[in-house]
Amino acid sequence: MHGQHADIVIDPVTRIEGHSKITITLGDDGAVAGARFHVTQFRGFERICVGRPMHEMPAIMSRICGICPVSHIIASSKACDEIMAVSPPPVAVELRRVMNLAQVVQSHSLSFFHLSSPDLLFGFDAPPGERHLFGVAAAAPQLASDGIALRRFGQRVIETLGGKRVHPGWVVPGGVSQPLEADQREAILAEVPEALDAVRRGLEWYRSRLAGFAEEAEALGTSPTLSMGLVHETGNAAYSDGDLRVVDAEGTLLADRTDPKPYWEYLGEVVQPDSFLKSTYWRALGYPEGTYRVGPLARLNVVDRLGSPEADERLGEYRARLGRTPQSSFHYHEARLLEILHAITVIAEILGDPGVLDHHVRSVAAVNRSEGVGVSEAPRGTLMHHYKVDDDGLVTWVNLVIATGHNNEVMNRAVAETAARYVRADRLTEGMLNRVEAAIRCFDPCLSCSTHAIGQMPLEIELRSAAGDLLDTVAR
Amino acid sequence: MKARLATVWLDGCSGCHMSFLDLDERLLELAEQADLVYSPLVDAKEYPDGVDVCLVEGSVSTTDDLEKARTVRSRTKTLVSFGDCAVTTNVPGMRGPIGARPLLERAFVDNADLQQGIPTAVVPALLDKPLPVHRVVPVDVFLPGCPPSADAIYETLQRLLGLASPPERELRFG
Ligand code: SF4
């Protein structure tokens, strides 16, 4: 079943970052036989960078994605650090961490508050006309304003450091271009308490809603998979550095302290004939047994602890409730909120040290290697940039392994599982289809990163029997 | 009656939409002035008739983009070419001189391990060269920037919604 023949098409999938379609196929008995997630736009960054000077790479790569540009800038700059064979000065490493964590805050806030909270506030069956941020602002003003404030906090940190909220040019090969000044540090620290309060309220609100979604919490994509993420030597969560750790659905370690740079030794890529998004698999187990997930839920599954006291206390409670390695994708939401809390705390911790104002922020060097790999955790999961250059530093070859690609296989499983559970062909409702979309929203896919998609606009969900008779039509 | 606002995303990185979200609290003010009738942020699946202002992000790079740009034009009073990708093709335009086929081969044949081959089911065809929006349909307002700042978006929308007077010098290209 590769979408050649689809009985129900959800097009475009909305309230996600990127454009895609979902196709649902019915069997002869009218029951759901399968469902697929298709990414329908392709960007081709692996080819267009060939011939560009290496120093342009972070700025070009940033344009892969306006939601997580900082992730690409960081992975790209790290690949360039490798090619120059330098380590950035210690303070530059810390400043890059601050910007990366700020992006976790803004991106996760967008996912939870702007895109998913309407489902959690109004319910999956609410009229589509009110299921959006502005509906939330009218019905639960505090929730909407907390979401806006948290996203603003993250974006302001990025702007303060990099001069611009989207596509800042400040992280560069060898470090960062400008040191942090004392007044900038004060300005960021002054906003921390408000941001912490906002995420605490968000967590309380989410917990208060959870009881109403007990069924969905255990149904929107529960297929057991491996989890992958970067971890510091201490076992704490790592975002800008760290080594790979992979655990299976029971939490058994499959890889630990593994250098992520030779990623091709562990990860393979599979083409899906009906999507511009490739899938990846853990080579040791093959495809599809080696299906793994990345991103907030997977990171919480692999790390020993996040590494900040309040977030870890809440993580302990989360694990007591859901188990050590929860597999239901619904819990990505809570994992995201815990990471926001952790990220704000660590930003404050790093900036609390006056050493962060040191002016040695950039190592300067020419091309000293012909190849480099940069790996970091993007909000949605592990991100790998791999470049080869010639002696003049012109790029000759690029490969990118993007967080959403790691999750492609498990997203497809989630769509199929949710459709099979909720979609009833003989009495189709909009809410059934919204649940299928909500399964995708859990992963917060970033499709401009992976390839970037756009579907056709008109939504006509026509339900036909196996004989081709029109059973029902739903429009939004 | 409230004005009807839409935002559409063609071949861009979503950064222009992120800059729109960077209106922050001004988003709520905007919601008082206009209804967002179609956007990646809301659940309408079909582009509606009678849209007053539409921000179009990204260049026109696939057959789907082409169709979408035409639909938007036919149902919209004021079409804003929103951000550098829409205005000049910017980064998506970098693939123009290469052509679609070598690009697809690099990603799906050379850089893949299993099931190598260019996807053709369900997905649309790539145009050989990405086009700026005004090459495909008439554009009323150009709002350049990568991305345009939230302030620039705010001022443009206020003006187009009739809530602020036009700037002294109209920005123009070409
Ligand atoms: S103009 Fe810049 S920010 Fe806007 S879509 Fe294009 S690359 Fe992204």
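A:Cys65 counts as buried, with a relative accessibility of 0%; buried means under 20% relative accessible area, exposed means over 50%, and partly exposed lies in between (1.4 Å probe, protein chains only). This is a predicted model, in which local features need pLDDT of at least 70 and side-chain atom pairs count only at pLDDT 80 or more, while totals for chains, interfaces and linings use all residues. Residues are numbered from 1 along each chain as its sequence is written, chains are lettered from A and ligands numbered from 1 in the order in which they are written, and side-chain values use heavy atoms, with hydrogens and water left out.

**Cysteines**

- The structure holds 0 disulfides over all chains, a disulfide being a pair of cysteine sulfur atoms within 2.5 Å.
- The sulfur of A:Cys80 has its closest cysteine sulfur in A:Cys49, 10 Å away, which is too far for a bond.
- A:Cys80 is also buried, at a relative accessible area of 0%.

**The ligand and its surroundings**

- The ligand lies between chains A and B.
- There are 14 residues around the ligand, and A:Arg63, B:Cys13, B:Cys16, B:Cys85 and B:Cys146 come nearest; a residue is near a molecule or strand if one of its heavy atoms lies within 4 Å of it.
- The shell around the ligand comprises 5 nonpolar, 6 polar and 3 charged residues. In this classification, Ala, Val, Leu, Ile, Met, Phe, Trp, Tyr, Cys and Pro count as nonpolar, Asp, Glu, Lys and Arg as charged, and the others, Gly among them, as polar.
- In chain B, α1 (15–21) and α4 (84–88) each supply at least two residues of this shell. Helices (H or I, at least four residues) and strands (E, at least two) are DSSP runs, numbered from the N terminus.

**Strands and sheets**

- Strands of a sheet pair through backbone hydrogen bonds, either parallel or antiparallel. Two strands count as paired if DSSP finds at least two bridges between them.
- Chain A contains an open sheet of 4 strands in the order β8-β7-β6-β11, with mixed pairing. Its edge strands are β8 (253–258) and β11 (292–293), each of which pairs on one side only.
- In chain A, β6 (residues 226–231) pairs with β11 in the parallel sense over 2 bridges, and A:Ser227 stands opposite A:Arg293 of β11(A).
- In chain B, β1 (residues 3–9) and β2 are parallel partners over 4 bridges; the bridge partner of B:Ala6 in β2(B) is B:Tyr38.
- Strand β2 (residues 34–38) of chain B is largely enclosed by the rest of the structure, because 4 of its 5 residues are buried.

**Aromatic rings**

- A search of the whole structure finds 10 aromatic pairs over all chains. Rings of Phe, Tyr and Trp (its six-membered ring) pair if their centres lie within 6.5 Å; planes under 30 degrees apart count as stacked, over 60 as edge-to-face and the rest as tilted.
- A:Tyr332 and A:Phe443 form a tilted pair, at 5.1 Å centre to centre with 50° between the planes. A:Tyr332 belongs to helix α11 (residues 332–351) of chain A and A:Phe443 to helix α14 (residues 430–443) of chain A, so the pair ties together parts that are 111 residues apart in sequence.
- A:Phe112, A:Phe113, A:Trp205 and A:Tyr206 are linked into a cluster by ring pairs.
- The charged end of A:Arg435 sits over the ring of A:Tyr422, 5.1 Å from its centre. A charge sits over a ring if NZ of Lys or CZ of Arg is within 6 Å of the ring centre and within 35 degrees of the ring normal.
- In chain B, B:Arg26 lies over the face of B:Tyr154, at 4.7 Å from the ring centre.

**Backbone features**

- The peptide bond joining A:Tyr287 and A:Pro288 is cis, with omega of about 5°; A:Pro288 is in the loop between β10 (279–282) and β11 of chain A.
- Another cis peptide bond joins B:Cys146 and B:Pro147, with omega of about -10°; B:Pro147 is in the loop between β7 (141–143) and α6 (150–160) of chain B.
- B:Thr89, although not a glycine, has a positive phi of about 80°. B:Thr89 is in the loop between α4 and α5 (100–110) of chain B and is buried at 9% relative accessibility.
- B:Asn90 has a positive phi of about 45° and is not a glycine. B:Asn90 lies in the loop between α4 and α5 of chain B and is partly exposed at 25% relative accessibility.
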